[in-house]
Amino acid sequence: MPRGTLEVILISAKGLDDNDFLSSIDPYVILTYRTQEHKSTVQEDSGSKPQWNESFLFTVSDSTSELNLKIMDKDNFTQDDSLGETNIDLGPLFEVGSLPETVHKVVKDEEYCGEIKVALTFTPERNEEQEYSVGDESYGGWKESSGEF
C-alpha cells in the first residue's frame with residue numbers, strides 16, 4: 001500500500017471549447033484525489049490555451065490510484081460551466097516515482113474536448129525504523145558509561 005506525497009504540476013491545456021458569448025473563457029481546474037481537493041487559479045481571458053504552471057500536493061495513504069482533473073469556466077453572473085474532465089491512473093506512478101509532462105485527453109459527455117498537460121511525482125513516506133541502524137549501538141553513551149554513580 002503506497003504512502004507518501006503526490007505532487008501534481010498543472011502545466012497547461014489546449015483545444016478547450018471557447019464558447020463564451022462576449023469574451024474568452026476563464027478556465028480553472030479542480031484537482032481531486034480521494035477526499036482532497038485543490039483549485040487552480042483562474043486564467044482570465046486565456047481562451048482555449050490556458051497556462052497554469054502550478055504545483056499541488058496530496059497525501060497518499062492507501063491504494064486509491066486515480067486523480068480527477070475537472071476543467072471549469074469561471075462565470076461572473078451564472079454558475080461556472082464544466083469544460084470537461086480527465087481521470088489519471090496513478091498505479092504506474094506509484095511504481096516508478098515520477099512521470100514527465102504528459103498530455104491527457106479531456107472528455108465531456110463521452111466526447112473529446114481538449115487536452116491537459118501535467119507532470120506527476122510520488123515521494124514515498126520514509127519508514128522511521130529505517131533511519132536507525134543496528135550497528136550504531138556503541139554511540140549514545142550506554143556502552144561507554146562506567147556504571148559508577
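The model is predicted, so local features need pLDDT of at least 70 and side-chain atom pairs count only at pLDDT 80 or more, while totals for chains, interfaces and linings use all residues. Residues are numbered from 1 along each chain as its sequence is written, and side-chain values use heavy atoms, with hydrogens and water left out.

Let's start inside. The largest nonpolar core has 27 residues; such a core is a set of buried Ala, Val, Leu, Ile, Met, Phe, Trp, Tyr and Cys residues joined through side-chain atoms within 4.5 Å. Here buried means under 20% relative accessible area, exposed over 50% and partly exposed in between, with a 1.4 Å probe and protein chains only. Leu-67 and Leu-90 touch the most other members of this core. Among the elements giving it two or more residues are β1 (4-14), β5 (66-73), α1 (91-96) and β8, and β8 provides the largest share, 5 residues. Helices (H or I, at least four residues) and strands (E, at least two) are DSSP runs numbered from the N terminus.

Two aromatic pairs turn up in a search of the whole structure. Rings of Phe, Tyr and Trp (its six-membered ring) pair if their centres lie within 6.5 Å, with planes under 30 degrees apart counted as stacked, over 60 as edge-to-face and the rest as tilted. Tyr-33 and Phe-58 are edge-to-face, at 6.3 Å centre to centre and 65° between the planes. Because Tyr-33 lies in strand β2 and Phe-58 in strand β4, this pair ties together parts 25 residues apart in sequence. Phe-94 and Phe-122 are also edge-to-face, since their planes meet at 65°, with centres 4.8 Å apart. That pair links helix α1 to strand β8, 28 residues apart, and both of its residues are buried.

We finish at Pro-124 in strand β8 (residues 111-124), which is exposed because its relative accessibility is 52%. Leaving out residues up to four places away in sequence, Pro-124 touches Arg-3 and Gly-4, where contact means heavy atoms within 4.5 Å.
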